[in-house]
Structures are given as C-alpha cells and as structure tokens.
Amino acid sequence: MDTRWLTREQLSTWVRLLAVIELLPGVLDSQLRRDAQLTHFDYYVLAMLSEAENHTLRMTALAERTAATLARLSHVVQRLESRGLVERFPCPLDKRATNARLSDAGWAKVQEAAPGHVETVRQHVIDALTPEQMSQLHEITEAIIGRLDPDGRRAVLHRHYDEPPLA
C-alpha cells in the first residue's frame, strides 16, 4: 500500500491544528486554576452535572459526556467530592450503579467559574474568528467528529447545543 503523504498545504494545516490541540488546554487550565482552583476537566465535570436533570448523572453517563474513562472520572469525582462540590450515592433504579450529583457548593462553584471561563474561550477562540470562520469551524469540527465517532454515539452530547434556547 502506498502512503498518501500530506501535501505541503495539508501538513501546514495539520501542524497548526496540533498547535491548537496542544496550546488551548493549557490556556483553559491556567485561567481556571488561577480564578476557580479547578482544572479544565474538573470544570467540565461540574458543568455537565449542572446541565443534567436534578444536577445528577450516573457515573457511566457522566463518563460518556466527558469522554473519560471510568477510572479517570472516579478519581476526579472523588477529588471534587472531598472538596464538597459533588456527592456520590447509589442509583435508586440500579443499586449496582453510582450516581454523581452536584452539591449546592458545586453549583455555586460553576456559577463563579463560568464567566471567567467563557471570557477566556471568547478571547482565545471565538473573538479570533469572523462569523464566517465560526460557521466554517462548526462545519469542520462536525466533519472531523463524524470520522472520530462514525456511529454518532456522542452526537447527542454536542448537538443539543444547536437547538434554540428554551424561553
């Protein structure tokens, strides 16, 4: 089989995408650590719980929403639990499963952290792009996600943001 080498333009684009993939997590982490004493992943876990009904999800559903292994998620939730931001308890519908619920302190932490996080996202990503580029980025990420998740298992997790907000 012949290797389909990247063209100069493709390589140039790929290297820039890698730079974004490498640099952006550090920028997000730095801001959240400084302003909210959270890692970006901590914040993401809290945010996913904040969007769930009753601020509660099964650990398996939370792992799916955050694209984390159960082992990694358990470690992070344990750390958040020790800070009083999350609580775990047996799932009433399936005693073998464990639920995670955002505590009142966790909800307050999300509300406290969200404005700075959104401003950082705006400053480093959103405001760097024109409206046309934002539309193109949406299409580009949709195409890449389609290749990374061909069965569309995660599609529901990001497509619900495409719907108009509830009044």
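**Entry 1: Arg-88 and the strands**

I started at Arg-88, which stands opposite Ala-100 in β3. I am working with a predicted model, so I keep that in mind as I go. Which residue of β3 is the bridge partner of Leu-57? I looked that up next, and it is Ala-100. I then checked Val-86, and its bridge partner in β3 is Leu-102.

**Entry 2: How the strands pair**

I followed β2 into strand β3, residues 94-102, and found the two paired in the antiparallel sense over 6 bridges. How many residues lie between β2 and β3 in their hairpin? I found 2. On to β1: this strand is joined to β3 by 3 bridges, and the two run antiparallel.

**Entry 3: The sheet as a whole**

Putting the strands together, I get an open sheet of 3 strands in the order β1-β3-β2, with antiparallel pairing. I noted β1 (56-58) and β2 (86-91) as the edge strands, since each pairs on one side only. From one strand to the next, the twist averages 30°.

**Entry 4: Helices on the sheet**

Which strands does helix α2 touch? I see α2, residues 40-51, packing on the sheet and touching β1, β2 and β3. Its direction makes about 100° with that of β3. Helix α3, residues 59-66, also packs on the sheet, and I find that α3 touches β1, β2 and β3. For α3 I wrote down an angle of about 95° with the direction of β1.

**Entry 5: α2 against α4**

Next I looked at α2 with helix α4, residues 70-82: they pack at an angle of about 85°, and their axes are 11 Å apart. That angle makes α2 roughly perpendicular to α4. On the α2 side, I listed Phe-41, Asp-42, Val-45 and Leu-46 as making the contact. On the α4 side, I listed Arg-72, Leu-73, Val-76, Val-77, Arg-79 and Leu-80. Sorted by class, the contact of α2 with α4 has 7 nonpolar, no polar and 3 charged residues.

**Entry 6: α1 against α5**

My last stop was helix α1 (residues 8-36) with helix α5 (residues 104-124), whose axes come within 10 Å and cross at roughly 145°. Is the crossing of α1 and α5 left-handed or right-handed? I noted it as right-handed. From α1, I found Val-27, Leu-28, Gln-31, Leu-32, Asp-35 and Ala-36 in the contact. They meet residues of α5 including Lys-109, Glu-112, Gly-116, His-117 and His-124. I finished with the classes for the contact of α1 with α5: 6 nonpolar, 5 polar and 3 charged.

Technical notes. Residues are numbered from 1 along each chain as its sequence is written. This is a predicted model: local features need pLDDT of at least 70, side-chain atom pairs count only at pLDDT 80 or more; totals for chains, interfaces and linings use all residues. Side-chain values use heavy atoms; hydrogens and water are left out. Axes are lines fitted to C-alpha atoms, for helices over the stretch in contact, and angles run from 0 to 180 degrees between N-to-C directions. Helices (H or I, at least four residues) and strands (E, at least two) are DSSP runs, numbered from the N terminus. A crossing is left-handed if the near helix is turned anticlockwise from the far one by less than a right angle, and right-handed if clockwise. Contact means heavy atoms within 4.5 Å. Ala, Val, Leu, Ile, Met, Phe, Trp, Tyr, Cys and Pro count as nonpolar, Asp, Glu, Lys and Arg as charged, and the others, Gly among them, as polar. Two strands pair if DSSP finds at least two bridges between them. Angles under 35 degrees count as roughly parallel, over 145 as roughly antiparallel, 65 to 115 as roughly perpendicular and the rest as oblique.
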